[in-house]
Amino acid sequence: MNRIPRSLCAVSVAFLLASQANAQLSNGDFSSGLTSWTSYGDASAVSGSAFLTSAASNGSDDASAFNVSGSAPLEANIASGLEESSGLEIGALDISTSATAVEGSAISQTFSFASGLTQLSFNYNFFTNEGDNLDYAYFAINGTKVSFATVASATNASSSYAYETGVQNAVQVFTSSGTVTLTFGVVDINGFDVSSAVSIDNIGLTAIPEPSAFATLAGSLALGFVALRRRRSV
Ligand SMILES: [Ca+2]
Ligand SMILES: [Ca+2]
Ligand SMILES: [Ca+2]
């Protein structure tokens with residue numbers, strides 16, 4: 001009897017898991033604006049990406065208009081402020097006692113996902129007018145924050161802000177419990193009046209099969225194939 005090549009089983013399982021998993025996060029490429037995302041502060045869809053800033057809505061920061069939505073950034077280190085809107089504890093966006101979060105903006109989405117190891121990947125470009133303060137962009141998954149871009153990493157001249165990182169890709173592996181709250185944000189550190197911003201696009205989530213689950217699923221597929229062969233040969 002013919003056997004399904006093991007490599008084909010592996011590809012099929014990986015594909016099934018990836019396609020099931022990716023169906024859970026909605027509008028990760030922002031082709032539908034900010035549909036499915038909850039936005040906090042200054043967030044808007046710009047050129048098919050999400051764009052978040054720490055810029056005041058009245059144009060008073062930077063002595064220019066960097067705000068993109070007309071909504072003011074959320075204050076940090078207060079109840080129902082930027083941290084709690086990001087699923088974090090108050091104070092979690094501070095770098096240290098002398099470098100504290102002041103205000104910023106975020107987008108967030110909660111969805112179900114297969115439990116287990118998961119890979120998050122996305123594209124970003126971080127912009128800043130800062131020369132001194134330590135503004136940064138972050139994502140948060142189920143209450144854990146990761147800073148992925150800082151003023152120090154924005155070393156390229158920018159046509160819109162003073163500096164930018166240029167478009168980069170970030171990858172993070174985390175453990176999903178079945179429900180995932182994913183947040184992206186940008187925050188002013190110390191001073192509030194010199195802005196930073198981040199664009200986010202092409203968010204992808206892929207379940208990483210663990211060896212035991214992988215073997216079980218590969219076995220199920222092989223059994224299914226055997227059953228099919230038997231039915232046909234009757
Ligand atoms: Ca896009
Ligand atoms: Ca700032
Ligand atoms: Ca600001």
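A nonpolar core, as I use the term in these entries, is a set of buried Ala, Val, Leu, Ile, Met, Phe, Trp, Tyr and Cys residues joined through C-beta atoms within 7 Å. I note at the outset that the model is predicted.

**Entry: the core.** I looked up the largest nonpolar core and found that it holds 45 residues. The residues with the most contacts inside this core are Ala50, Leu52, Leu82, Ala137, Val187, Ala197 and Val198. I then asked which strands supply at least two residues each. These include strand 2 (42–46), strand 3 (49–53), strand 5 (101–112) and strand 6 (116–128).

**Entry: Leu52.** I took Leu52 from the list of core residues with the most contacts and looked up its neighbours, leaving aside residues up to four places away in sequence.

**Entry: strand 6.** I next looked up the pairing of strand 6. Strand 6 pairs with strand 13 in the antiparallel sense over ten bridges, and Thr118 stands opposite Ala207 there. Strand 6 also runs antiparallel to strand 11 (residues 168–176), with nine bridges joining the two; Phe122 has Ala170 as its bridge partner in strand 11. With strand 10 (residues 163–164), strand 6 forms two bridges, again antiparallel, and Phe127 stands opposite Glu164.

**Entry: strands 7 and 8.** I found six bridges between strand 7 and strand 8 (residues 144–150), in the antiparallel sense. Ala137, already noted among the core residues with the most contacts, has Ala149 as its bridge partner in strand 8. The two strands form a hairpin with two residues between them. In the turn, Asn142 has a positive phi of about 45 degrees.

**Entry: Gly48.** I located Gly48 in the loop between strand 2 and strand 3. Not counting residues up to four places away in sequence, Gly48 touches Phe30, Ser31 and Asp201. Gly48 and Phe30 are 18 residues apart along the chain, and their C-alpha atoms are separated by 5.5 Å.

Conventions
Residues are numbered from 1 along each chain as its sequence is written. Chains are lettered from A and ligands numbered from 1 in the order in which they are written. This is a predicted model: local features need pLDDT of at least 70, side-chain atom pairs count only at pLDDT 80 or more; totals for chains, interfaces and linings use all residues. A residue is buried if 20 or more other C-beta atoms lie within 10 Å of its own, exposed if 12 or fewer, and partly exposed in between; C-beta atoms are placed from the backbone. Helices (H or I, at least four residues) and strands (E, at least two) are DSSP runs, numbered from the N terminus. Two residues are in contact if their C-beta atoms, placed from the backbone, lie within 7 Å. Two strands pair if DSSP finds at least two bridges between them.
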